[in-house]
Amino acid sequence: MAGLRTAAGIRAASLLALRPLLAATHPQCLDFRPPFRPPQPLRFCAQYSAFGCCTAEQDAALARRFGALAARVDAAVWATCAGYALDLLCQECSPYAAHLYDAEDPATPLRTVPGLCEDYCLDMWQTCRSLFRHLSPDRELWALEGNRAKLCRYVSLDDTDYCFPYLLVNENLNSNLGRVVADAKGCLQLCLEEVANGLRNPVAMVHAGDGSHRFFVAEQVGLVWAYLPDGSRLEKPFLNVSQAVLTSPWEGDERGFLGLAFHPRFPHARKLYVYYSVGVGFHEWIRISEFKVSEDDENTVDHSSERIILEIEEPASNHNGGQLLFGHDGYLYIFTGDGGMAGDPFGKFGNAQNKSALLGKVLRIDVDRNERGPLYRIPPDNPFVDDPGARPEVYALGVRNMWRCSFDRGDPVSRAGRGRLFCGDVGQNKFEEVDLVERGRNYGWRAREGFECYDRKLCANSSLDDVLPIFAYPHKLGKSVTGGYVYRGCEYPNLNGLYIFGDFMSGRLMSLRENPETGHWKYSEVCMGRGQTCAFPGLINNYYPHIISFAEDEAGVPSATAARGVIYKVIDPSRRAPPGKCQIHPAQVKVKSRLIPFVPKEKFIRTTESTPRPTARAPTKAPRRSSPTAVPLAPTRLPARLPRPTRRPGGRRGGGRQRGRLSTAVPAPQNGAVRLVRPSGLSPGRGRVEVFAGGHWGTVCDDAWDAKAATVVCRQLGFAHAVRAAKRAEFGEGRALPILLDDVRCAGSERNLLECAHAGVGTHNCGHQEDAGVVCSHQDPDL
């Protein structure tokens, strides 16, 4: 999330400033998601073992289809054509499968064979044209078998950058395959997924670390809301201290509810700690309080349990700090501002350089086992416990107004970086900085701002011994840094080790990556992907322009929150973890409050690409690969010169589907795949649900059919919204098919209907007059 403070303070806001991006490669699989590195090398489509779209199970299924083809095709023909069959089957594993099968638009049918370069098709037609009827059920394609030119136009792709096999030797497509793509200026292209909305200045989002994968969002006015893993919000607030919190409707007011942290041994300790502003008359102060969770409801705080741990008087209404964190050492870290106004004018050297003041500091206290005795203790290794002129709570000094800090979880394998403390410290009028906070160190304010002197006399003091930031930027880039997180999650391997942060005023999203050999940090701006880069179902490529905070969920996935109340999850569109690797199993949570389902509001904005798409160089020959079977397979061949065919009128970039072309689903769909069958005259997105299970297509009985099950189907088909769950064969009866699923009960978050509770496949007690249907939409029905 991003911050609430700065030289200019908070404003009613949005989230991220867009920058032009290089039109880049857009790898995408048939499930409309990024490619991945398979956990084990593939045995059949071995050329996609390093990076592609197939798991070992999918690879084995393709091998079985290859074997079935061999059994159906004449042996003499097969000896010549097996290589073509291998080529075409394995394109389902290509990182660009969605382009090859024209699947960028999930509302249109897939091609039944991948899009081919015209030269390759013409060569294949000479000896192996009969293979098409064994690879595709498309009868229109069969009818063209005798016409070389028409057949090859039918299966070609308009875009020669992506057609097979040109894309194998296209350096622009393959040189950075699987990496986060940057433009010529180094701006990384990422995407966003909307997680929550309708919030009022959400200043913090935390998790309890209890395995429930709930997340808790704090609003500046003093309300904290609990969200379940499916995105639904509990109607009753988790915490409500709005009557005690000092804030105002002023635009830019930095006071309010500013931070919270759960005890590291939650839920056993059942405690959490909050940081908020209070005041009486002209006197204001910040308060750190402890609360306990209610014994009767784990989604509600016992408001009568509040114990004030610490209060610090604030001489001004700005620079209130606001971060609370528990370190890996179990101690509570508190980040205070310097007291406000300009230039830290309090005392001879300012609050930040005064060790006897708690303002302008990082504090560290022990709140464990505080039921009896003092409310907190001083950790024995705090750096100034033996200094009579210092407050023993002080852990580090010389900070102006650190807004959003985080501990690095460390590399998932080596644990490198674990425990490092990153902070964004808001500058005065020239520079913003990112610091690595260490025990007993001085971070320079007010002597120094960023890398430069602010108070020249104090800066010249040789005893200052201050620490320079790891990164600082001038106000032409932004005027209020918002500290972020080092990504250590499972879902996006490319982002591991990337520190993602932003600027509240300019809306820039930024990143740093450390060179482990030199210790230097490389800066890259983060941009929202243009063109097709974020064109995955459920993703967006835009955000509101002020970044108020960053957060990390229980799985280690970062998100950013906007001041107008939208929380976004950061997504890498270039690579994901292998399917199944990052599954979470949330602990059961008893819910007493009514649930408010999450309905995304933000939309993907289709933008033109900032620069022309790079074109392929003309290769002299195709790459060679070994045969996976004993059958002699003809290698993929390309002519010495690759003429660029003229684009057909109406053709769209990256696809190749001609208007009016008929097609059916790709052979051998995956278990759990769904399709809609609708009577003529109905618009796309509505129809009878048919599911593929146990090697057959069948229908679904509507006994327990409801909106949650419809949501699963619509999402799987690429629609953002389920408008209605249709029953009683509203869209016709599938009498020619078996009834495969009955008593389907979904939570709404499942990937397909087979993950929902249901009777055994093929077991049912109904007839086709109860076939289930859906009405799906790309548009929010509530808007």
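The model is predicted: local features require pLDDT of at least 70, side-chain atom pairs count only at pLDDT 80 or more, and totals for chains, interfaces and linings use all residues. Residues are numbered from 1 along each chain as its sequence is written, and side-chain values use heavy atoms, with hydrogens and water left out. The secondary structure comprises ten helices and 35 strands; helices (H or I, at least four residues) and strands (E, at least two) are DSSP runs, numbered from the N terminus.

**Overall make-up**

- The protein has 783 residues, of which 57% count as buried; buried means under 20% relative accessible area, exposed over 50%, and partly exposed in between (1.4 Å probe, protein chains only).
- Its accessible surface comes to about 32,400 Å², with 51% belonging to carbon and sulfur atoms; the areas come from the Shrake-Rupley method with a 1.4 Å probe, and for residues only the protein chains shown count as cover.
- Among contacts with a separation of 6 or more, 66% are between residues 24 or more positions apart; contact means heavy atoms within 4.5 Å.

**Helix 1 against helix 2**

- Helix 1 (residues 56-72) packs on helix 2 at an angle of about 155 degrees, and their axes are 11 Å apart; axes are lines fitted to C-alpha atoms, for helices over the stretch in contact, and angles run from 0 to 180 degrees between N-to-C directions.
- The two helices, helix 1 and helix 2, are therefore roughly antiparallel to each other; angles under 35 degrees count as roughly parallel, over 145 as roughly antiparallel, 65 to 115 as roughly perpendicular and the rest as oblique.
- The crossing of helix 1 and helix 2 is right-handed; a crossing is right-handed if the near helix is turned clockwise from the far one by less than a right angle, and left-handed if anticlockwise.
- From helix 1, Leu 62, Arg 65, Phe 66, Leu 69 and Ala 70 meet Trp 78, Ala 82, Ala 85, Leu 86 and Leu 89 of helix 2.
- By class, this contact of helix 1 with helix 2 has nine nonpolar, no polar and one charged residues; Ala, Val, Leu, Ile, Met, Phe, Trp, Tyr, Cys and Pro count as nonpolar, Asp, Glu, Lys and Arg as charged, and the others, Gly among them, as polar.

**Helix 4 and its surroundings**

- Helix 4 (residues 118-128) and helix 7 (residues 148-155) pack with their axes 9 Å apart and at an angle of about 135 degrees.
- That angle makes helix 4 oblique to helix 7.
- Helix 4 crosses helix 7 in a right-handed sense.
- The contact brings Glu 118, Cys 121, Leu 122, Trp 125 and Gln 126 of helix 4 against Arg 148, Leu 151, Cys 152, Arg 153 and Val 155 of helix 7.
- The residues of the contact of helix 4 with helix 7 comprise six nonpolar, one polar and three charged.
- The buried residues of helix 4 are Asp 119, Tyr 120, Cys 121, Met 124, Trp 125 and Cys 128, and their cover includes helix 2 (75-89), helix 5 (131-135) and helix 7.

- Val 712 lies in helix 10 (residues 707-716) and counts as buried, at 0% relative accessibility.
- Leaving aside residues up to four places away in sequence, Val 712 touches Cys 746, Gly 748, Glu 750, Arg 751, Asn 752, Leu 753 and Cys 756.
- Val 712 and Glu 750 are 38 residues apart along the chain, with their C-alpha atoms separated by 6.3 Å.
- Cys 459, in helix 9, is buried with a relative accessible area of 11%.
- Residues up to four places away in sequence not being counted, Cys 459 touches Ala 447, Arg 448 and Cys 453.
- Between Cys 459 and Arg 448, eleven residues apart in sequence, the C-alpha to C-alpha distance is 6.2 Å.

**Backbone features in loops**

- Phe 266 and Pro 267 are joined by a cis peptide bond with omega of about 15 degrees; Pro 267 lies in the loop between strand 7 (257-262) and strand 8 (271-280).
- The peptide bond from Trp 445 to Arg 446 is also cis, with omega near 10 degrees, and Arg 446 lies in the loop between strand 17 (431-437) and strand 18 (448-449).
- Asp 465, a residue other than glycine, has a positive phi near 50 degrees; Asp 465 lies in the loop between helix 9 (456-459) and strand 20 (471-474) and is exposed, with a relative accessible area of 55%.
- Asp 743, not a glycine, has a positive phi of about 55 degrees; Asp 743 lies in the loop between strand 34 (739-741) and strand 35 (773-777) and is partly exposed, at a relative accessible area of 27%.
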